[in-house]
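Please look over the sequence and the model below. The report that follows covers ligand sites, strand pairing and some backbone details.

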Amino acid sequence: MKVDVLLGLQWGDEGKGKVVDVLTPRYDVVARFQGGPNAGHTLEFEGQKYVLRSIPSGIFQGDKVNIIGNGVVLDPALFKAEAVALESAGHGLKERLHISKKAHLIMPTHRLLDAAYEASKGDAKVGTTGKGIGPTYTDKVSRNGLRVGDIMENFSQKYEAAKQRHIQVLNALGYEYSLDNIEKEWLEAIEYLKQFTFVDSEHEVNNLLYAGKSILCEGAQGTMLDIDFGSYPYVTSSNTICAGACIGLGIAPNKIGDVFGIFKAYCTRVGSGPFPTELFDETGDKICTLGHEFGSVTGRKRRCGWIDLVALRYSIMINGVTKLIMMKSDVLDTFETIKACVAYDVKGQEIEYFPYSIEDDVKPIYVEMPGWEMDMTKMKSEDEFPEEFNAYLSFLEEQLGVPIAIVSLGPDRAQTIERYTEK
Ligand code: GDP
Ligand code: IMO
Ligand code: MG
């Protein structure tokens with residue numbers, strides 16, 4: 001059995017949560033492989049809306065097993081809040097959620113360090129989600145981290161030692177802080193966490209595969225935020241790309257099957273960093289308003305712009321995308337014309353490849369197409385698609401070289417159309 005991977009191709013918030021939920025009935029297991037509560041994955045069905053941060057988006061579909069893999073960083077306090085809210089909404093998960101012993105723990109002092117580093121950067125700040133993601137992955141790589149498996153043995157000592165190291169850094173940075181409430185809440189959450197099943201997830205995942213079970217891996221963030229291939233240093237601290245699923249779950253590369261690449265019909269970004277197709281005009285405001293482009297967790301306004309096919313081609317290449325999924329085209333339903341960036345102008349030279357830096361001197365070269373100017377949100381089949389929309393899909397497929405298998409026309413689970421290419 002192979003493992004399919006679903007991941008974002010832009011700067012995150014493409015709609016991964018929604019599509020994982022839609023696809024879950026076809027799989028036995030859903031697994032997160034990287035990131036942490038910097039993610040906010042939104043799902044809507046039967047008039048309810050949920051935003052998940054650390055818990056995989058397969059949790060709402062029957063008795064599927066959901067795994068938090070070793071590549072994830074877990075904040076027990078935020079996890080507890082998320083799990084308790086789900087339990088009280090009738091979605092019990094204790095039996096169905098397995099947590100890797102090798103997943104690293106986000107400590108309260110990691111959150112403080114995140115804030116301290118951001119403050120010390122001034123205008124050059126990354127605009128992180130403030131969840132301690134960078135400092136936790138830093139401790140992992142520098143071999144100082146605490147893992148879920150550490151909870152079971154001499155935890156207090158290990159915690160204190162790590163905390164003292166962090167405090168030294170906070171003091172050196174001259175950062176004023178108080179740990180009073182957050183530490184107590186965090187330590188209580190550690191106790192809560194003990195009710196869950198801690199697993200050697202690499203063994204579990206591979207045993208499931210040998211037993212013929214199917215797994216869907218759920219990415220967080222997006223390729224343009226990848227620590228190696230994103231717009232560094234304005235990125236997150238994990239490998240968000242397909243290869244991250246191998247590392248973050250212990251899956252061999254030759255076990256990867258389909259790679260679902262998700263993108264919005266336009267583009268957004270939260271936080272600092274370059275964004276070649278960003279719009280600073282009424283059109284950008286219109287996309288933001290119609291798309292409700294505000295962070296699912298932080299509420300921050302997302303920067304909006306036209307779709308960037310140069311960046312998308314790069315993401316498709318890095319991930320080996322086999323099927324594309326286009327989200328939120330309904331946001332463009334009232335636009336008379338639609339633009340797509342097909343190349344960059346770099347200091348007067350036209351390039352179609354994604355360059356080393358997109359910071360300066362990169363100007364988008366657009367093609368303009370007629371919009372479909374029709375409400376598509378209630379459509380049930382691609383037979384109903386207007387001609388202009390079909391032309392837009394064909395244009396994108398030609399530019400990107402991969403079929404668009406699914407089109408999403410609204411936030412609800414039901415507003416999802418599979419194209420004939422999939423049947
Ligand atoms: P994720 O982080 O990739 O899971 O995406 P987010 O949940 O952060 O952001 C996507 C937002 O768009 C959420 O508010 C979704 O409810 C919403 N959404 C998802 N698909 C669609 C769609 O096709 N159309 C519209 N209008 N909204 C969508
Ligand atoms: P989902 O999974 C959008 C961005 C932050 C910041 C940068 C680094 O919902 O798509 P971090 O806190 O990770 O150190 O912040 O990455 N970022 C996201 N942007 N969607 C996300 O997740 C993001 N997770 C992090 O805004 O620019
Ligand atoms: Mg999100």
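## Ligand sites and strand pairing

In the site of ligand 2, a side-chain N or O atom of Lys16 lies 2.7 Å from an oxygen atom of the ligand. This is a predicted model. Thr236 also reaches ligand 2 with its side chain: an N or O atom there is 2.6 Å from a ligand oxygen. On its own, ligand 2 has 550 Å² of accessible area, and the protein covers 98% of it.

Where does ligand 2 sit? Its place is the largest pocket. The shell around ligand 2 holds 21 residues, and those that come nearest are Asp13, Lys16, His41, Thr129 and Thr236. By residue class, this shell has eight nonpolar, 10 polar and three charged members.

**Ligand 1**

Asp13 uses its side chain, where an N or O atom lies 2.9 Å from an oxygen atom of ligand 1. Ser296 places a polar side-chain atom 2.8 Å from an oxygen atom of ligand 1. Taken alone, ligand 1 exposes 580 Å², of which the protein buries 94%.

The space that ligand 1 takes is the second largest pocket. Two elements give two or more residues each to its shell: α1 (16–23) and β3 (41–45). That shell counts 20 residues, with Lys16, Thr42, Ser296, Asp330 and Ser408 coming nearest. How do the residues of the shell around ligand 1 divide into nonpolar, polar and charged? There are four nonpolar, eight polar and eight charged residues.

The side-chain contacts of both ligands are set out here.

| Ligand | Residue | Distance to a ligand oxygen |
|---|---|---|
| Ligand 1 | Asp13 | 2.9 Å |
| Ligand 1 | Ser296 | 2.8 Å |
| Ligand 2 | Lys16 | 2.7 Å |
| Ligand 2 | Thr236 | 2.6 Å |

**Strand β16 and its partners**

Now the strands. Strand β16 (residues 337–346) pairs with β14 (residues 307–308) through two bridges, and these strands run parallel. In that pairing, Asp308 faces Cys341 of β16.

How many bridges join β16 to strand β18? Nine bridges link β16 to β18 (residues 362–370), and the two run antiparallel. Thr337 has Pro370 of β18 as its bridge partner.

Strand β17 (residues 349–351) is also antiparallel to β16, joined by three bridges. Here Val346 stands opposite Gln349 of β17. The hairpin of β16 and β17 has two residues between its strands. Lys347 in this hairpin takes a positive phi near 50°.

**Backbone details**

Two further points lie in loops. Which residues are joined by a cis peptide bond? Tyr232 and Pro233 are, with omega at about 5°. Pro233 belongs to the loop between β10 (215–218) and α8 (242–249).

Arg143 has a positive phi, near 65°, and is a residue other than glycine. Its loop runs between α4 (133–141) and α5 (155–172).

Note on methods. Residues are numbered from 1 along each chain as its sequence is written. Chains are lettered from A and ligands numbered from 1 in the order in which they are written. This is a predicted model: local features need pLDDT of at least 70, side-chain atom pairs count only at pLDDT 80 or more; totals for chains, interfaces and linings use all residues. Side-chain values use heavy atoms; hydrogens and water are left out. A residue is near a molecule or strand if one of its heavy atoms lies within 4 Å of it. A polar contact is a pair of N or O atoms within 3.5 Å; within protein, one must be able to donate a hydrogen and the other to accept it, and residues adjacent in sequence count only if both atoms are side-chain atoms. Accessible areas come from the Shrake-Rupley method with a 1.4 Å probe; for residues, only the protein chains shown count as cover. On a 1 Å grid over the protein atoms alone, a cavity is a set of points where a 1.4 Å probe fits but cannot get out, and a pocket is an open set with protein on both sides within 12 Å along at least five of seven lines; lining residues have an atom within 4 Å of a point. A molecule sits in a cavity or pocket if more than half of its atoms lie within 2 Å of its grid points. Helices (H or I, at least four residues) and strands (E, at least two) are DSSP runs, numbered from the N terminus. Ala, Val, Leu, Ile, Met, Phe, Trp, Tyr, Cys and Pro count as nonpolar, Asp, Glu, Lys and Arg as charged, and the others, Gly among them, as polar. Two strands pair if DSSP finds at least two bridges between them.
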